[in-house]
Amino acid sequence: MGTAGSGFDDPSADVLADAAAAFGLLASPARLHIVWALAQGESDVTGLAERLGGALPAVSQHLTKLKLAGLVRARREGRRQVYFVDDPDVVDVVRLAVTRIGARAGRSELPAPRLRGL
(Lines give C-alpha, C1' and ligand atoms only; values in the text may rest on other atoms or scores of the structure.)
Protein backbone atom coordinates (compact mmCIF):
# COMPACT_ATOMS: atom_id res chain seq x y z
CA MET A 1 0.00 0.00 0.00
CA GLY A 2 1.07 3.60 -0.31
CA THR A 3 2.95 5.95 1.92
CA ALA A 4 2.31 9.62 2.44
CA GLY A 5 5.87 10.64 3.20
CA SER A 6 5.75 9.15 6.67
CA GLY A 7 7.84 6.11 5.90
CA PHE A 8 5.05 3.73 6.94
CA ASP A 9 2.98 1.56 4.65
CA ASP A 10 -0.77 1.74 5.08
CA PRO A 11 -2.27 -1.43 6.56
CA SER A 12 -4.49 -3.59 4.39
CA ALA A 13 -8.26 -3.21 4.49
CA ASP A 14 -8.50 -6.58 6.27
CA VAL A 15 -6.10 -5.50 9.00
CA LEU A 16 -7.98 -2.24 9.51
CA ALA A 17 -11.30 -4.11 9.68
CA ASP A 18 -9.93 -6.56 12.27
CA ALA A 19 -8.49 -3.72 14.37
CA ALA A 20 -11.76 -1.79 14.20
CA ALA A 21 -13.67 -4.89 15.32
CA ALA A 22 -11.34 -5.34 18.30
CA PHE A 23 -11.66 -1.68 19.27
CA GLY A 24 -15.42 -1.94 18.84
CA LEU A 25 -15.56 -4.75 21.38
CA LEU A 26 -13.33 -2.82 23.76
CA ALA A 27 -15.54 0.27 23.41
CA SER A 28 -17.87 -1.25 26.02
CA PRO A 29 -16.88 -0.16 29.55
CA ALA A 30 -17.85 -3.59 30.90
CA ARG A 31 -15.75 -5.52 28.37
CA LEU A 32 -12.84 -3.11 28.82
CA HIS A 33 -13.04 -3.68 32.57
CA ILE A 34 -13.07 -7.46 32.03
CA VAL A 35 -9.94 -7.28 29.87
CA TRP A 36 -8.32 -4.97 32.44
CA ALA A 37 -9.14 -7.44 35.23
CA LEU A 38 -7.89 -10.44 33.23
CA ALA A 39 -4.69 -8.56 32.43
CA GLN A 40 -4.02 -8.67 36.19
CA GLY A 41 -4.56 -12.43 36.31
CA GLU A 42 -6.79 -15.31 35.34
CA SER A 43 -10.30 -15.61 36.75
CA ASP A 44 -13.51 -17.55 36.43
CA VAL A 45 -16.81 -15.83 35.65
CA THR A 46 -17.85 -15.73 39.32
CA GLY A 47 -14.66 -13.95 40.34
CA LEU A 48 -15.02 -11.47 37.50
CA ALA A 49 -18.66 -10.76 38.37
CA GLU A 50 -17.66 -10.08 41.98
CA ARG A 51 -14.76 -7.84 40.95
CA LEU A 52 -16.83 -5.87 38.45
CA GLY A 53 -19.93 -5.74 40.64
CA GLY A 54 -21.99 -7.11 37.77
CA ALA A 55 -24.55 -9.81 37.31
CA LEU A 56 -23.14 -13.23 36.49
CA PRO A 57 -25.19 -13.68 33.26
CA ALA A 58 -24.12 -10.26 31.93
CA VAL A 59 -20.43 -10.92 32.63
CA SER A 60 -20.78 -14.34 31.01
CA GLN A 61 -22.26 -12.76 27.86
CA HIS A 62 -19.43 -10.23 27.67
CA LEU A 63 -16.88 -13.04 28.06
CA THR A 64 -18.55 -14.97 25.25
CA LYS A 65 -18.23 -11.98 22.90
CA LEU A 66 -14.59 -11.42 23.86
CA LYS A 67 -13.88 -15.12 23.41
CA LEU A 68 -15.55 -15.28 19.99
CA ALA A 69 -13.45 -12.30 18.90
CA GLY A 70 -10.27 -14.04 20.04
CA LEU A 71 -9.43 -11.41 22.68
CA VAL A 72 -9.95 -13.80 25.60
CA ARG A 73 -9.44 -17.55 25.95
CA ALA A 74 -10.57 -20.07 28.52
CA ARG A 75 -9.40 -23.38 29.86
CA ARG A 76 -11.32 -25.90 31.88
CA GLU A 77 -10.38 -26.59 35.49
CA GLY A 78 -12.74 -29.25 36.74
CA ARG A 79 -16.24 -27.89 36.29
CA ARG A 80 -15.28 -24.26 35.87
CA GLN A 81 -13.85 -22.22 33.02
CA VAL A 82 -10.85 -20.04 33.80
CA TYR A 83 -10.53 -17.01 31.51
CA PHE A 84 -7.36 -15.18 30.50
CA VAL A 85 -6.10 -12.72 27.90
CA ASP A 86 -3.77 -14.67 25.66
CA ASP A 87 -2.60 -11.73 23.55
CA PRO A 88 0.00 -9.49 25.22
CA ASP A 89 -0.63 -6.79 22.59
CA VAL A 90 -4.28 -6.48 23.68
CA VAL A 91 -3.13 -6.20 27.30
CA ASP A 92 -0.64 -3.48 26.33
CA VAL A 93 -3.27 -1.47 24.43
CA VAL A 94 -5.79 -1.67 27.28
CA ARG A 95 -3.25 -0.80 29.97
CA LEU A 96 -1.89 2.10 27.94
CA ALA A 97 -5.33 3.56 27.20
CA VAL A 98 -6.72 3.20 30.72
CA THR A 99 -3.64 4.45 32.55
CA ARG A 100 -3.05 7.41 30.21
CA ILE A 101 -6.68 8.52 30.26
CA GLY A 102 -6.79 8.07 34.03
CA ALA A 103 -3.59 10.09 34.46
CA ARG A 104 -4.95 12.91 32.30
CA ALA A 105 -8.08 13.01 34.41
CA GLY A 106 -6.00 13.00 37.60
CA ARG A 107 -7.60 9.82 38.84
CA SER A 108 -5.65 7.35 40.89
CA GLU A 109 -8.32 4.64 41.14
CA LEU A 110 -8.42 2.62 37.93
CA PRO A 111 -10.82 1.30 36.88
CA ALA A 112 -13.95 2.34 38.74
CA PRO A 113 -15.05 -0.29 41.25
CA ARG A 114 -18.50 -0.73 39.68
CA LEU A 115 -19.57 -0.06 36.13
CA ARG A 116 -23.12 0.92 35.28
CA GLY A 117 -24.99 -1.27 32.87
CA LEU A 118 -23.64 -4.58 34.10
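H2 and H3 pack with their axes 11 Å apart, at an angle of about 115 degrees (axes are lines fitted to C-alpha atoms, for helices over the stretch in contact, and angles run from 0 to 180 degrees between N-to-C directions). The pair is therefore roughly perpendicular, a label that covers 65 to 115 degrees. On the H2 side, the contact (heavy atoms within 4.5 Å) involves Ala30, His33, Ile34, Trp36, Ala37, Leu38 and Gln40, while H3 brings in Leu48, Arg51 and Leu52.

All of this comes from a predicted model, where local features need pLDDT of at least 70, side-chain atom pairs count only at pLDDT 80 or more, and totals for chains, interfaces and linings use all residues. Residues are numbered from 1 along each chain as its sequence is written, and side-chain values use heavy atoms, with hydrogens and water left out.

Zooming out, the protein has 5 helices and 2 strands (DSSP runs of H or I, at least four residues, and of E, at least two), and from the N terminus the order is α-α-α-α-β-β-α. Of its 118 residues, 31% count as buried, that is, under 20% relative accessible area with a 1.4 Å probe, protein chains only.

Leu48 touches Ile34, Ala37, Leu38, Ser43, Val59 and Leu63, leaving aside residues up to four places away in sequence.

Key. Buried means under 20% relative accessible area, exposed over 50%, partly exposed in between (1.4 Å probe, protein chains only). Angles under 35 degrees count as roughly parallel, over 145 as roughly antiparallel, 65 to 115 as roughly perpendicular and the rest as oblique.
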